[in-house]
Amino acid sequence: MKKIIVTTTINEPTEATLKYCQKKDWDFIIVGDTKTPHNSYISLQKKYKNVTYLSPEDQERKYKKISDLIGWKSIQRRNIGFIEAYSAGADIIATVDDDNIPYESWGDNVMIGKEIYVDMYEPENSVFDPLSITKDNYVWHRGYPIELLSTRHRVQYKGKKKIKVLIQADLWDGDPDIDAIARLTFKPIVKYTDITSPYTSNRISPFNSQNTFFSREVLPYYSVLPHIGRMDDIWGGYILQKYFPNNLIYNKASVYQDRNLQDLITNLQNKNWEIIQLFEKSSQKLVSVGFCLKTENNYCPMILGMDYSVENPFVVYKQSLYHVIKRGLDLNAKKILLGVTASESKRKLGADVVAQVAYVQMKDHYSAILLENMELSSSK
C-alpha cells in the first residue's frame, strides 16, 4: 500500500517537517511557493529518498493550468501536491501543516479503507461540532456555523455504528484549529486525552486540511478551494461529505500543534467578519474600531471600541453607528442588528426599537440591595 504525505510551506524546515521526512513508511511531497526557501528543501530531497520537493518551476512545468488558476502566495497550492500524490498511485493521502508536530505513533492508527465500529453522535442541530464531545468543548472547530454555537452541545450518544472509513480526521493537541473569535477569546492550549477511540456523526461536520487522511477513492472529490480565504479546506470538506456522507471519522490527537505566527485580525477578515476603523482626519489617529458579523441576511456589529480621550467621543460613537449602517446597506442586508442600549442615538439613524424582556437569576443580590439603598439615600 502506497502512503503519501502532502504539505505546502513558505518556512524553513520546521521540527514537524523534519519528523515527517523520517516516517519511513510514507513518501512526503512538499509543495513550494514563491517565498519558500527552495535550497533548504532541495537539500532535504537529496537527504531523504522518500521526499519530493515541487519547486515553483516544477509546478509550472507539470501543472501549468491549475497553477495559473490557483495563483502564487497561496496555501491552496497544496492541491498540486494532491494531484502529484494521486498520479504517483497513492492509496492513502495524509494532508498536514508544517506546524503539526507528529507524535511517535503518528500514522500507526490509520483506518482508511477498513470497516470498523465507531461511536455515533447525533446533534440537535443540522451540523455536528467534533469538539463538542471533548472535555475542552468550550472551543469549537473552525468552520462550525457561528449561528449554531449556543446549542452545539446538545448531542446524544447513539451507540456503535459500523462504517467504512474513507476520511479520517485526527485531532491536535496544543493550539487547536479553531476560528479566530474563539482564539481571541480563550487563547486555548488543549490536550484531548479523553478521546481514545474513533467517533462519527450522522450529521455533516467540519474537518480541515491538517492531520487528515484520505482514501484514494475520495481524493478526486476534494480540494482546498482557491480564492475564498481561510474556509478553503472547510468548504472542501463539506462538499466531499455530499458525495461520501457516511465515511468520515474523527480520532484521537496524533500531533501537537505549535502554531506558526498568524495575524488574528487578518484571520477574522478572511471569514464572515469585517473590521470598520475610523481615524481622526488631522492626526490619522485610530479613534474607533468595530467588529461586524456578516450572515446570509443580516449585518451585525458585535463589538465597538472607542478612544474616549478624544475631544467629543459621542460624535465618534454616532459616526461609528453611521458607517456600520452604511456598510450594511451597501451589502444589501435585510436587517442591520444594532443590539441593545443607546436606543435614542440609533433611532435618530433610522433604527426601529423592538421591546424585549429579559429575566436574570441572581444567586447573591446583596450588591443589588446595596445599590438600591444608595439610590434611595441620594434621592432624599
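These legends describe close-up views of one predicted model. Local features need pLDDT of at least 70 and side-chain atom pairs count only at pLDDT 80 or more, while totals for chains, interfaces and linings use all residues. Residues are numbered from 1 along each chain as its sequence is written, and side-chain values use heavy atoms, with hydrogens and water left out.

**View A. Phe 128 and Tyr 199 form an edge-to-face pair.**
The structure holds 22 aromatic pairs. Rings of Phe, Tyr and Trp (its six-membered ring) pair if their centres lie within 6.5 Å; planes under 30 degrees apart count as stacked, over 60 as edge-to-face and the rest as tilted. Here the centres are 6.4 Å apart and the planes stand at 85°, so the pair is edge-to-face. Phe 128 sits in the loop between β6 (115–123) and β7 (155–164), and Tyr 199 in strand β9 (residues 199–201). The two are 71 residues apart. Strands (E, at least two residues) and helices (H or I, at least four) are DSSP runs, numbered from the N terminus. Both Phe 128 and Tyr 199 are buried. Buried means under 20% relative accessible area, exposed over 50%, partly exposed in between (1.4 Å probe, protein chains only).

**View B. Phe 207 and Tyr 222 form a stacked pair.**
Their centres are 6.2 Å apart, with 25° between the planes. Phe 207 lies in the loop between β9 and β10, and Tyr 222 in the loop between β10 and α7, so the pair ties together parts 15 residues apart in sequence. Phe 207 is buried, at 0% relative accessible area. Tyr 222 is also buried, at 6%.

**View C. Two arginines lie over aromatic rings.**
A charge sits over a ring if NZ of Lys or CZ of Arg is within 6 Å of the ring centre and within 35 degrees of the ring normal. Arg 77 lies over the face of Trp 72, 3.4 Å from the ring centre. The charged end of Arg 216 sits over Tyr 86, at 3.8 Å from the centre of its ring.

**View D. Four strands make an open sheet.**
Their order is β12-β13-β14-β15, and the pairing is mixed. Two strands pair if DSSP finds at least two bridges between them. At the edges stand β12 (273–279) and β15 (335–336). Each has a single partner strand, so one side of each is left without a neighbour in the sheet. Strands β13 (residues 286–294) and β14 (residues 298–306) run antiparallel, joined by seven bridges. Cys 292 stands opposite Pro 301 in β14.
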